[in-house]
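Here is a short report on one protein chain. Look over the sequence and the fold before reading on.

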Amino acid sequence: MITNVSLVSVWVKDLDESLAFYTDVLGFAPGDDITLGEDFRWVTVTHPEQPELSLHLTTPSKPLSDDLIAAMQRAQLEGGLPGVGLHVDDCRRTVAELKAKGVEFLQEPEDRPYGVEALMRDNSGNWMVLVEPREFTPEDFGGVPPA
């Protein structure tokens, strides 16, 4: 039986630069950093408040096909890959802190029925959503409550 999600992969351009971004800028803790064979490096980070979930920072590489590697690298250059969603305790304050560290934001904090949301990019161009959550109901979206 599956008990939880323990690992999510995030496609990055450069492992060292991304490891620094996720730890120094976003506040994640370094996890594994292991070289496996001649051409593969396994790098993870975890959030101090959620150590059971690791983000696997990885580059498009073998065993993926050359065509897929090229397509993913194009998507990275265009900033078209999704990243992860992150809960924050104060979205506006967090955005100000991250902007001071040079983080690029695609969307300023906006009130939503489910909380305050902002959209940023990591240093590889991945979209990341920051959400300061609040309680909501389907009616908050103009929807119909479940039966």
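In which sense do strand 3 and strand 4 pair, and over how many bridges? The pairing is antiparallel, over 5 bridges. This is a predicted model.

## Hairpins around strand 3

Strand 3 covers residues 40-47 and strand 4 covers 50-58. The two form a hairpin with 2 residues between them. Thr 44 faces His 56 of strand 4 across the pairing, standing opposite to it.

Strand 3 also pairs with strand 2, residues 29-36. That pairing is antiparallel too, over 6 bridges. Here Thr 35 stands opposite Arg 41 of strand 3. Strand 2 and strand 3 form a hairpin with 3 residues between them. Gly 37, in the turn, has a positive phi of about 75 degrees.

## The largest nonpolar core

The largest nonpolar core has 26 residues. Tyr 22, Leu 26, Leu 57, Leu 98, Phe 105, Met 120 and Leu 130 touch the most other members. Several elements each supply at least two residues of this core: helix 1 (15-25), helix 3 (91-100), and strands 3, 4, 5 (82-87), 7 (115-121) and 8 (127-133). Helix 1 gives the most, with 5 residues.

In soluble globular proteins, nonpolar side chains tend to be buried together.

## Contacts of Leu 57

Which residues does Leu 57 touch, leaving out those up to four places away in sequence? Its contacts are Val 10, Val 12, Leu 15, Ser 18, Leu 19, Tyr 22, Val 43 and Val 45. Among them, Tyr 22 is also one of the core residues that touch the most other members.

Conventions. Residues are numbered from 1 along each chain as its sequence is written. This is a predicted model: local features need pLDDT of at least 70, side-chain atom pairs count only at pLDDT 80 or more; totals for chains, interfaces and linings use all residues. Side-chain values use heavy atoms; hydrogens and water are left out. A nonpolar core is a set of buried Ala, Val, Leu, Ile, Met, Phe, Trp, Tyr and Cys residues joined through side-chain atoms within 4.5 Å. Buried means under 20% relative accessible area, exposed over 50%, partly exposed in between (1.4 Å probe, protein chains only). Helices (H or I, at least four residues) and strands (E, at least two) are DSSP runs, numbered from the N terminus. Contact means heavy atoms within 4.5 Å. Two strands pair if DSSP finds at least two bridges between them.
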